[in-house]
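I opened this notebook to keep track of what I looked up, one entry at a time. The entries go from the whole chain to single side chains.

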Amino acid sequence: MGVNGCNENRPLTDETKLRQWVQDTLDLIEVANGPADSTWGAKRAAMGHPKPFDLKYIGLGNEEIYPEFFTNFPEFASPIRAEYPNIEILSNAGQSSQGSWFDRMWQFARDQKADLVDEHYYNDPSWFLADHHRYYTYDRGGPHVFVGEYASKGNTYWNALTEASYLTGIERNSDVVELASYAPLLSNVDYVNWTARRTPATSTGGTSAAGTTPSRPSRRRRTATPATW
């Protein structure tokens with residue numbers, strides 16, 4: 001996309017470079033879904049996987065905070081839709097669960113007819129306990145939701161309980177919340193830079209943290225691998 005709210009402050013505005021990024025994205029999709037005799041599908045086959053992966057979703061952007069996103073998004077979305085009409089395109093809602101930028105990002109996703117909007121939020125346990133009705137009022141006629149990153153701040157059984165309460169709201173609104181994933185999934189036990197984590201791990205194995213338990217009853221729903229590690 002050429003813009004990213006995560007530690008990147010140099011939005012891409014060069015049209016030549018942007019076209020190359022768009023082509024790289026189309027090539028990436030061909031690696032995943034192209035037939036084994038296509039240019040990039042052949043490379044996948046040569047690596048031992050001749051059968052296409054059947055990629056169903058692609059996210060454009062991540063926690064965006066720069067206005068250049070609004071210019072770049074359609075430059076990617078239009079050719080993807082033209083070449084791969086069956087792939088669902090995700091926009092995103094920025095870095096928080098509410099606010100004027102969140103609202104603007106959602107309206108942009110509606111205007112662009114995105115299939116889903118990727119929401120990321122890390123809030124206090126009290127927010128998760130009080131806000132489990134969040135998705136009851138979402139527009140069923142607009143884009144669906146991918147809760148791409150969520151966690152309460154902390155790593156205790158109280159955090160786990162409030163997240164479990166919140167997940168019941170996601171379950172009850174599965175007609176609009178299509179995907180959800182806790183983040184971060186993994187953390188290095190020797191380098192922990194934030195307390196919310198699902199699986200503390202070393203190079204040889206891992207163990208479950210408190211937050212692992214609430215998601216188990218929800219595994220019948222579709223899940224996705226978190227983007228944050």
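**Entry 1: the whole chain**

I began with contacts, and found that of those in the chain with a separation of 6 or more, 68% are accounted for by residues 24 or more positions apart. I note here that the model is a predicted one. I then looked up the secondary structure, and the chain holds seven helices and seven strands, which follow one another along the sequence in the pattern α-α-β-α-β-α-β-α-β-α-β-β-β-α. For burial, I found that 46% of the 229 residues in the chain are buried. The chain exposes about 12200 Å², and carbon and sulfur atoms supply 53% of that area.

**Entry 2: helix α4**

Next I picked helix α4, residues 100–111, and checked its length: at 1.5 Å a residue its 12 residues should span 16 Å, and the end C-alpha atoms are 16 Å apart, which agrees. Which residues of α4 are buried? I listed F102, M105, W106, F108 and A109. Seen down the axis of α4, these buried residues fall within an arc of 160 degrees, so they line one face of the helix. On the other side of α4 I found S100 and D111, which are exposed.

I also wanted to know what the buried residues of α4 pack against, and the partners are α3 (68–83), β2 (88–92), β3 (116–123) and β4 (144–152). After α4 comes K113, and I wrote down that its phi is positive, near 55 degrees.

**Entry 3: N92 in strand β2**

I stayed with β2 and turned to N92, which has its place in that strand. Is N92 buried or exposed? Its relative accessibility is 1%, and because buried means under 20%, N92 counts as buried. A polar atom of the N92 side chain lies 3.2 Å from the backbone nitrogen of E63, and for the backbone nitrogen of E64 I noted a distance of 3.0 Å to a polar atom of that side chain. Leaving out residues up to four places away in sequence, N92 touches several residues, among them L60, F69, V117 and D118. M105, which I had already listed as a buried residue of α4, is also one of the residues that N92 touches.

**Entry 4: salt bridges**

I reminded myself that side chains of opposite charge can pair when their charged atoms come close. How many salt bridges are there? The count comes to four.

One of them joins the side chains of D54 and K56, at 2.9 Å from N to O. D54 counts as partly exposed at 47% relative accessibility, and K56 counts as partly exposed at 46%.

Another joins R140 and D175, whose closest N and O atoms are 2.8 Å apart. R140 is partly exposed at 34% relative accessibility, and D175 is partly exposed with a relative accessible area of 42%.

I then looked at D131 and R134, which form a salt bridge with their closest N and O atoms 3.7 Å apart. Here D131 is partly exposed, with a relative accessible area of 23%, whereas R134 is buried, with a relative accessible area of 9%.

Terms used:
Residues are numbered from 1 along each chain as its sequence is written. This is a predicted model: local features need pLDDT of at least 70, side-chain atom pairs count only at pLDDT 80 or more; totals for chains, interfaces and linings use all residues. Side-chain values use heavy atoms; hydrogens and water are left out. Helices (H or I, at least four residues) and strands (E, at least two) are DSSP runs, numbered from the N terminus. The expected span of a helix is 1.5 Å times one less than its number of residues. Buried means under 20% relative accessible area, exposed over 50%, partly exposed in between (1.4 Å probe, protein chains only). The arc is that of the directions from the helix axis to the C-beta atoms. Contact means heavy atoms within 4.5 Å. Accessible areas come from the Shrake-Rupley method with a 1.4 Å probe; for residues, only the protein chains shown count as cover. A polar contact is a pair of N or O atoms within 3.5 Å; within protein, one must be able to donate a hydrogen and the other to accept it, and residues adjacent in sequence count only if both atoms are side-chain atoms.
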